[in-house]
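The following exercises are to be worked with the sequence and the coordinates at hand. Each task is followed by a solution in steps.

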Amino acid sequence: MDSRQKTIRGAICAIGLPLAPVGQATTITIDSFDAGWYLRAAGDTGGHVASNVNYVAGWGTINNRFFRNFFVFDLSSTTNTITSATLRLKMETQCCGGGYFSPDPTETYTVFDVSTSIATLLASGNNKTAVFDDLGSGNVYGSVQVSDADEGFNVDITLNLTAVADIDAATGGNFALGGRVTSLGATGLDLDPTEAVFQNSHVSPFVRQLILNVVPEPTSLALVASGLASARTTNASSTNTSPRSAKSKCAWAAGIAPKIPTSTPRSRCPRSAPRITPNTSSSCTT
Ligand SMILES: [Ca+2]
Ligand SMILES: [Ca+2]
């Protein structure tokens, strides 16, 4: 503990503020308010239909289509400090081979950051190449191995510390994640069979959730720490005048250590759960 920490902790103790409730963790679940795919196919390097919320990802032999998906969450009511996060997605069972459709025993689905603006992401269009690329590149947030055995169940993807930091920074607004299958074979224009996950995911009830473990914002501590930091910046003898955000100060002052994901747990719903009426449209995949 450096002298600055000692000073602030000493001040907190001196005025008798309780420390225990500050780190009390809770879990909140937020449903995605929109989701969908972007495709790359012959003649279209980034197509999206705003009304289609299917979050299929992978490769389809019909017209040589590659799909990447995205999810958007409203964090406007979330003001807590986020300590860990999980993306939960249901793998459907209905239609055309179900949600998992690949000749391979497993596929790897990887989640990426999204730097595209939310408005651009959600808008319909064609040849939105930069958006298609964005959904499967940049910072990796986590990955999961899925198989036919996941059909009918929720798939949990534990998000890493990069994701947690980005989600925490997005509180008060919207937050988007992208994803693609990172285990596609040598896709040689109709030479390979379909390799797709989360097929037929366009029928409610949806499970597209962000599950956040949070600790309350210690407002009183933030004010104390902020006041002390402010006072220190006016002290000519101080050499540590770097400002900290209220959120980072709170986490530091409360001794909150980020959690490091160690596994990818999956929540299971029973096979006996009601299944969604099979889609009878001409295109089961999209
Ligand atoms: Ca990206
Ligand atoms: Ca594969």
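Two residues are in contact if their C-beta atoms, placed from the backbone, lie within 7 Å. The structure is a predicted model, in which local features need pLDDT of at least 70 and side-chain atom pairs count only at pLDDT 80 or more, while totals for chains, interfaces and linings use all residues. Residues are numbered from 1 along each chain as its sequence is written, and chains are lettered from A and ligands numbered from 1 in the order in which they are written.

**Exercise 1. The chain as a whole**

Task: Describe the confidence, the secondary structure and the contacts of the chain.

Solution. 
Step 1. pLDDT is the predictor's confidence in each residue, from 0 to 100. Its mean over the chain is 75, and 64% of the residues reach 70 or more. Residues 1–21 have a pLDDT below 50, and this stretch has 14 contacts in the model beyond near neighbours in sequence. Residues 231–284 also have a pLDDT below 50, with 76 contacts counted in that way.

Step 2. Helices (H or I, at least four residues) and strands (E, at least two) are DSSP runs, numbered from the N terminus. The chain has six helices and 12 strands.

Step 3. Among contacts between residues at least 6 apart in sequence, 84% join residues at least 24 apart.

Step 4. A residue is buried if 20 or more other C-beta atoms, placed from the backbone, lie within 10 Å of its own, exposed if 12 or fewer, and partly exposed in between. Of the 286 residues, 37% count as buried.

**Exercise 2. The sheet around E6**

Task: Which strands form the open sheet of four strands, and in what order?

Solution. 
Step 1. Two strands pair if DSSP finds at least two bridges between them. Strand E6 (residues 81–90) is joined to strand E12 (residues 208–215) by eight bridges, in the antiparallel sense. Within this pair, Thr86 has Ile211 as its bridge partner.

Step 2. Six antiparallel bridges link E6 to strand E9 (residues 154–159).

Step 3. Strand E1 (residues 26–31) is antiparallel to E12, again with six bridges. Thr29 stands opposite Ile211, and Thr26 stands opposite Val214.

Step 4. The order is therefore E1-E12-E6-E9, with antiparallel pairing. E1 and E9 stand at the edges with a single partner strand each, so one side of each has no neighbour in the sheet. From one strand to the next the twist averages 25°, where axes are lines fitted to C-alpha atoms, for helices over the stretch in contact, and angles run from 0 to 180 degrees between N-to-C directions.

Step 5. Eight of the 10 residues of E6 are buried, whereas the count in E1 is zero among six residues.

**Exercise 3. The surroundings of Lys90**

Task: Is Lys90 buried or exposed, and what is it in contact with?

Solution. 
Step 1. Lys90 counts as buried because 23 C-beta neighbours lie inside 10 Å.

Step 2. Apart from neighbours within four places in sequence, Lys90 is in contact with Asn154 and Val207. Asn154 is also the residue of E9 that Lys90 stands opposite.

Step 3. Phe198 is 108 residues away from Lys90 in sequence, yet their C-alpha atoms are 7.4 Å apart.

**Exercise 4. Helix H4**

Solution. 
Step 1. Helix H4 (residues 161–170) lies across E6 and E9, at about 105° to E6.

Step 2. Its buried residues are Ala163, Val164, Ile167 and Asp168. They cover an arc of only 135° around the axis, which puts them on the same side of H4; the arc is that of the directions from the helix axis to the C-beta atoms.

Step 3. An α-helix has 3.6 residues a turn, so residues three or four places apart point the same way.

Step 4. Val164 is among the residues touched by Leu159, as are Ala85, Thr86 and Leu87.

**Exercise 5. Backbone features in loops**

Solution. 
Step 1. The bond from Ser204 to Pro205 is cis, with omega near 5°. Pro205 is in the loop between strand E11 (195–197) and E12.

Step 2. Asn200 lies in the loop between E11 and E12, and its phi is positive, near 55°. With 26 C-beta neighbours inside 10 Å, Asn200 is buried.
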